[in-house]
Amino acid sequence: MESDVTYVDLKFNSDVERTSKPTSGARTDSRAQGENKNSPNILVTLLLVIVLLLAGLIALITLYFKASSRLPELEHQMKRLQHNHTKVLEYIGCKNRSSAPNCSQFFYKDCPINWQLHNETCYFFSQTPLSWEVSRSSCQSSQADLVIIADREEQLFIRNAKKAGLYWIGLMDKDAEGTWKWVNGSNVQPETFWNCKQPDNSGGNEHCATVGSYENCGYPMDWNDDICETAYNFICEKEAEDRKMDFIP
């Protein structure tokens with residue numbers, strides 16, 4: 001009996017050993033194969049992560065240099081905005097006070113259509129011949145009057161600005177022969193621009209003055225007295241208007 005048990009036990013143990021060894025080897029082989037299969041996937045993932053990190057780093061460097069190159073322009077724009085902000089505040093304060101200090105920068109002198117601006121004065125050179133009186137009425141209907149020539153500079157401007165021919169100006173001696181006065185009542189200034197031997201009151205009825213006659217006495221001496229009822233072109237004059245600028249920052 002004892003021998004039988006011993007044999008059976010030995011046989012059973014040997015069978016167990018034989019069956020257990022192959023199983024352990026199979027597990028080890030499958031685990032190794034799984035690790036070998038997973039290794040390439042891990043490497044690919046790491047490479048992708050590295051590539052993405054490099055791409056992000058390159059993008060950040062590019063953005064940095066772009067931003068750095070625009071800094072001078074951005075600083076200029078910031079200064080311009082600050083300047084315009086200051087101007088806007090000043091402009092708001094000057095809207096209804098054109099004569100206030102520093103407000104003149106927001107206004108400019110302007111003339112109606114078909115009028116010429118010169119030294120903050122508007123001039124109209126008509127192309128419709130009228131008598132002296134009707135010419136003056138035409139000027140007054142535009143809140144102006146026949147031109148008063150104050151000095152040589154204004155005389156030269158008129159000479160250059162007008163077209164050829166004679167033009168009435170705001171000078172006459174209707175009230176007293178030989179006492180020439182401007183339409184505002186002031187006396188004719190010491191410097192005048194009468195042509196040679198003018199005014200001569202030819203025929204005893206030349207009481208209104210023109211510019212534009214041929215200068216026998218040299219440039220720009222071209223004033224002449226003439227009959228007030230004669231139809232000539234005329235020159236109107238009025239102060240230029242203050243216009244508010246359309247302030248755009």
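Reader: Is C217 buried, partly exposed or exposed?
Author: In this predicted model, the relative accessible area of C217 is 37%. Buried would need a value under 20% and exposed a value over 50%. The value of C217 lies in between, so C217 counts as partly exposed.

Reader: Which cysteine forms a disulfide with C217, and how far apart are the sulfur atoms?
Author: A disulfide is counted when two cysteine sulfur atoms lie within 2.5 Å. The partner that meets this cut-off is C196, and the distance between the two sulfur atoms is 1.3 Å.

Reader: Where in the chain do C196 and C217 lie, and how many residues apart are they?
Author: C196 is in the loop between β6 (181-182) and β7 (206-211). C217 is in the loop between β7 and β8 (224-227).

Reader: Is C196 buried, partly exposed or exposed?
Author: C196 has a relative accessible area of 30%.

Reader: Is the disulfide of C208 and C228 left-handed or right-handed?
Author: C208 and C228 are joined by a disulfide with an S to S distance of 1.9 Å. The torsion about the S-S bond is about 100 degrees, so this disulfide is right-handed.

Reader: How many residues apart in sequence are the parts that C208 and C228 tie together?
Author: C208 belongs to strand β7, while C228 belongs to the loop between β8 and β9. C208 is buried at 0% relative accessibility, and C228 is buried at 4%. Because one cysteine is in the strand and the other in the loop, the pair ties together parts whose separation in residues is 20.

Reader: How many disulfides are there in total, and what is the handedness of the one between C111 and C122?
Author: The count of disulfides comes to 4. One of them joins C111 to C122, with an S to S distance of 2.0 Å. Its torsion about the S-S bond is about -95 degrees, so the handedness of this disulfide is left-handed.

Reader: Which strand holds C122?
Author: The pair C111 and C122 links distant parts of the chain, 11 residues apart. C111 is in the loop between β1 (107-110) and β2 (116-118). Both cysteines are buried, and the strand that holds C122 is β3.

Reader: Which residue in β9 stands opposite C122?
Author: Strand β3 (residues 121-125) runs antiparallel to β9, and 5 bridges join them. Within this pairing, the residue opposite C122 is K238.

Reader: How many residues of strand β9 are buried?
Author: Strand β9 covers residues 233-239, which makes 7 residues in the strand. The strand is mostly covered, and the number of buried residues is 6.

Reader: In which sense does β9 pair with β4, and in which sense with β5?
Author: Strand β4 (residues 145-146) and β9 share 2 bridges in the antiparallel sense, with L146 and C236 as bridge partners. Strand β5 (residues 167-172) also has 2 bridges to β9, and W168 is the bridge partner of F234 there. The sense is antiparallel for β4, and for β5 it is parallel.

Reader: What kind of aromatic pair do F125 and Y167 form?
Author: The whole structure has 10 aromatic pairs. For F125 and Y167, the ring centres are 6.5 Å apart and the planes stand at 80 degrees. Planes over 60 degrees apart count as edge-to-face, so the pair of F125 and Y167 is edge-to-face.

Reader: Which strands hold F125 and Y167?
Author: Both F125 and Y167 are buried. The pair ties together parts that are 42 residues apart in sequence, because F125 and Y167 lie respectively in strands β3 and β5.

Reader: What is the angle between the ring planes of W168 and Y232?
Author: W168 and Y232 form an aromatic pair with 5.1 Å from centre to centre. The pair is edge-to-face, and the angle between the planes is 65 degrees.

Reader: Where does Y232 lie, given that W168 is in strand β5?
Author: W168 is buried at 0% relative accessible area, and Y232 counts as buried at 17%. The two residues are 64 residues apart and link distant parts of the chain, Y232 being in the loop between β8 and β9.

Reader: What is the area of the nonpolar surface patch that includes F65?
Author: F65 lies in helix α1 (residues 2-94). F65 has a relative accessible area of 55%, so F65 is exposed. The patch is made by L47, I50, L54, L57, I58, I61, Y64 and F65, and its area is about 850 Å².

Definitions and conventions:
Residues numbered from 1 in each chain as written. Predicted model: local features only at pLDDT ≥ 70, side-chain atom pairs only at ≥ 80, totals over all residues. Heavy atoms only, no water. Patch = residues over 30% accessible without salt bridge, like charges linked within 9 Å, V, L, I, M, F, W, Y side chains within 5 Å. Areas by Shrake-Rupley, 256 points an atom, 1.4 Å probe, with all protein chains shown as cover. Salt bridge = Lys/Arg side-chain N within 4 Å of Asp/Glu carboxyl O. Helix = DSSP H or I, 4+ residues; strand = E, 2+ residues; numbered from the N terminus. Buried < 20%, exposed > 50% of the residue type's maximum accessible area, 1.4 Å probe, protein only. Pairing = 2+ DSSP bridges. Phe/Tyr/Trp six-rings, centres within 6.5 Å; stacked < 30°, edge-to-face > 60°.
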